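Me: I have a model open and some questions about the words used for it. Please answer each one with the value and the rule behind it.

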Amino acid sequence: YSSQVDQGPVFITEILLDPSEEEILAGMTGDVFIVIDKSEGVIAIPEIFLNTEDTVLIERDGKSIERQVETGKSSSDGLIEVISGLEEGEFIFEPEN
């Protein structure tokens with residue numbers, strides 16, 4: 001079941017809590033983050049560093065050059081996976097608007 005409210009979709013969810021943790025009382029509220037997918041050992045960059053043509057600006061010999069990249073999954077915290085076109089440790093620049 002899901003419905004739409006001002007903040008986005010709402011899903012009725014059942015959550016099981018560890019009884020060894022702090023006492024939960026009626027009327028308490030909390031935030032829950034549901035991990036749908038997880039990637040490890042990948043290169044991820046802030047999406048704002050990605051140009052509209054799936055290119056990034058990298059540093060090469062003291063200059064910035066444009067390089068094509070292939071992207072993958074994106075996250076709700078503004079990161080996007082780079083599948084190819086960028087190596088770990090390369091310095092990238094935020095594009096100017």
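Me: Which backbone oxygen does the side chain of arginine 67 reach?

Reply: In this predicted model, the side chain of arginine 67 reaches the backbone oxygen of glycine 85, at 3.0 Å.

Me: What makes the pair formed by the side chains of arginine 67 and glutamate 90 a polar contact?

Reply: The distance is 2.8 Å. A polar contact needs N or O atoms within 3.5 Å, one able to donate a hydrogen and the other to accept it, so the pair counts.

Me: Which residues is arginine 67 in contact with, leaving aside its neighbours within four places in sequence?

Reply: They are Asp54, Thr55, Val56, Ile58, Arg60, Gly85, Leu86 and Glu90. Each is called a contact because heavy atoms lie within 4.5 Å. Arginine 67 itself is found in strand E5, which covers residues 63–68.

Me: What is the pattern of the protein along the sequence?

Reply: The pattern is β-β-β-β-β-β-β-β.

Me: How many of the 97 residues count as buried, as a percentage?

Reply: The share is 16%. Those residues are called buried because their relative accessible area is under 20%.

Notes
Residues are numbered from 1 along each chain as its sequence is written. This is a predicted model: local features need pLDDT of at least 70, side-chain atom pairs count only at pLDDT 80 or more; totals for chains, interfaces and linings use all residues. Side-chain values use heavy atoms; hydrogens and water are left out. Helices (H or I, at least four residues) and strands (E, at least two) are DSSP runs, numbered from the N terminus. Buried means under 20% relative accessible area, exposed over 50%, partly exposed in between (1.4 Å probe, protein chains only).
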